Amino acid sequence: MSTRIAFLKGHGTENDFVIVPDPENVIDLPPAAVAALCDRRAGIGGDGLLHVVRSAAHPEAHAMAAEAEWFMDYRNGDGSIAEMCGNGVRVFARYLQRAGHVSEGDIAVATRGGVKTVHLAKNGDVTVGMGKALLPEAQVTVSVDGNSWPARNVNMGNPHAVAFVDDLADAGTLYTAPPFTPASVYPDGVNIEFVVDRGPRHVALRVHERGSGETRSCGTGACAVAVAAARRDGADPAATGTPVTYTVDVPGGRLVITERPDGEIEMTGPAVIVAEGEIDADWLARALG
């Protein structure tokens with residue numbers, strides 16, 4: 001390994017990421033290394049890490065290489081692996097554009113949740129095709145400080161529990177993952193969204209992301225919330241043939257979510273690169289002990 005490792009820092013609606021370009025997949029990033037880099041006091045700081053690898057060079061993405069040149073090897077802030085990150089894939093695409101690998105227009109990005117289509121618009125917004133939501137029938141309850149709410153089970157390639165509450169303060173501190181029952185519904189943990197109404201087809205959320213804690217934004221969570229809100233409101237594009245769009249306010253900004261009649265969901269929002277530099281490999285070695 002070289003003595004220094006290139007990195008960038010970016011965010012999408014303040015859901016922030018350490019970006020490590022590694023086209024040939026030669027940098028070893030065990031969970032402890034990711035956690036050290038994402039540490040907000042002793043490291044660079046981030047909700048997660050975007051490991052930028054060519055699909056052909058990564059065993060988990062090799063089969064997708066014909067569809068997408070680049071693989072988003074996404075890690076949560078604690079070093080654990082996640083299937084997909086909606087804000088992350090927008091920032092990932094922005095990095096590819098900045099690095100000269102892609103230009104404005106449509107690109108394909110491989111993720112553990114499948115190949116995602118991303119559109120880089122001239123106005124700076126990034127739209128991601130997030131796939132279709134699955135709505136498992138399992139009944140779920142989430143709890144905070146002795147209060148409990150029914151939650152809609154939504155899967156966006158990763159699991160979500162969406163609870164509608166009277167006030168976002170009802171979610172408490174979200175320092176730790178709110179308990180949910182039955183535990184068997186989410187054997188690998190779950191992202192939990194607490195949602196309030198702001199107006200017609202306009203909601204706001206707070207979220208506890210598994211492996212990261214409360215974050216300023218969650219792209220897959222915003223999509224899950226939009227779908228759950230639409231069904232609660234009696235809107236189903238597959239039944240009516242009309243797209244449904246919700247504005248979703250997150251602590252870090254605003255996302256626009258559209259569900260089409262074919263079930264495909266599109267998310268539009270900003271993606272910003274704020275810094276770039278080098279990681280000192282000696283520091284990283286010391287951080288790993």
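Tutor: Buried means under 20% relative accessible area, exposed means over 50%, and partly exposed lies in between. Keep that in mind, for this is a predicted model.

Student: At 27% relative accessibility, which class does Asp236 fall in?
Tutor: Asp236 is found in the loop between α3 and α4 (237-240). The middle class runs between 20% and 50%. At 27% relative accessibility, Asp236 therefore counts as partly exposed.

Student: How far apart are the C-alpha atoms of Asp236 and Pro261?
Tutor: Along the chain, Asp236 and Pro261 are 25 residues apart.

Student: What does α3 reach from its first C-alpha to its last?
Tutor: α3 covers residues 219-232 and has 14 residues. At 1.5 Å a residue, 20 Å is expected. The reach of α3 is close to that, at 20 Å.

Student: How many of the 14 residues of α3 are buried?
Tutor: The buried residues include Gly219, Thr220, Cys223 and Ala230. α3 is mostly covered. Its buried count is twelve.

Student: Which residue just after α3 takes a positive phi?
Tutor: Look just past the end of α3. The phi there is about 80 degrees. The residue is Gly234.

Student: Why is α2 called largely enclosed by the rest of the structure?
Tutor: α2 is a helix of 13 residues, 86-98. Among its buried residues are Val89, Phe92, Tyr95 and Leu96. α2 is largely enclosed because the number of its residues that are buried is eleven.

Student: How far apart are the end C-alpha atoms of helix α2?
Tutor: At 1.5 Å a residue, the 13 residues of α2 should span 18 Å. The model agrees with that, and its end C-alpha atoms are apart by 19 Å.

Student: Which residue with a positive phi follows α2?
Tutor: The phi in question is near 85 degrees. The residue that follows α2 with this phi is Gly100.

Student: How many disulfides does a search of the whole structure find?
Tutor: A disulfide needs two cysteine sulfur atoms within 2.5 Å. The sulfur of Cys85 has its closest cysteine sulfur in Cys218, at 6.6 Å, so the two are too far for a bond. The sulfur of Cys223 also has its closest partner in Cys218, at 8.7 Å, again too far. Over the whole structure, the number found is zero.

Student: Are Cys85 and Cys223 buried or exposed?
Tutor: Cys85 has 4% relative accessibility. Cys223 has a relative accessible area of 0%. The cut-off is 20%, so both count as buried.

Student: How many aromatic pairs are there, and what kind is the pair of Phe17 and Tyr74?
Tutor: A search of the whole structure finds three aromatic pairs. The rings of Phe17 and Tyr74 have centres 6.0 Å apart. Their planes meet at 75 degrees, and over 60 is needed for the class. So this pair is edge-to-face.

Student: Which strands hold Phe17 and Tyr74?
Tutor: Both residues are buried. They are 57 residues apart in sequence, so the pair ties together separate parts. Phe17 lies in β2 (residues 15-21), and Tyr74 lies in β4 (residues 70-76).

Student: What angle do the ring planes of Trp149 and Phe194 make?
Tutor: The ring centres of Trp149 and Phe194 are 5.9 Å apart. The pair is edge-to-face, with its planes at 80 degrees.

Student: Which strands does that pair link?
Tutor: Trp149 is buried at 13% relative accessibility, and Phe194 is buried at 0%. The two residues are 45 apart, in distant parts of the chain. Their strands are β9 (residues 147-155) and β12 (residues 191-199).

Student: Which residues lie nearest the centre of the largest cavity?
Tutor: The structure holds one cavity of 30 Å³ or more. About 90 Å³ of space lies in the largest cavity. Of its 13 lining residues, the nearest to the centre are Asn76, Met84, Asn158, Asn191 and Glu209.

Student: Which elements give two or more residues to that lining?
Tutor: The lining of the largest cavity has five nonpolar, six polar and two charged residues. The elements are β4 and α3.

Student: How much space lies in the largest pocket?
Tutor: The lining of the largest pocket has six nonpolar, six polar and four charged residues. The space in this pocket is about 180 Å³.

Technical notes:
Residues numbered from 1 in each chain as written. Predicted model: local features only at pLDDT ≥ 70, side-chain atom pairs only at ≥ 80, totals over all residues. Heavy atoms only, no water. Buried < 20%, exposed > 50% of the residue type's maximum accessible area, 1.4 Å probe, protein only. 1 Å grid on protein atoms, 1.4 Å probe; cavity = no way out; pocket = protein on both sides within 12 Å on 5 of 7 lines; lining within 4 Å. Points joined across faces, edges and corners; volume = space filled by probe spheres on them. Nonpolar A, V, L, I, M, F, W, Y, C, P; charged D, E, K, R; others polar. Helix = DSSP H or I, 4+ residues; strand = E, 2+ residues; numbered from the N terminus. Expected span 1.5 Å × (residues − 1). Phe/Tyr/Trp six-rings, centres within 6.5 Å; stacked < 30°, edge-to-face > 60°.
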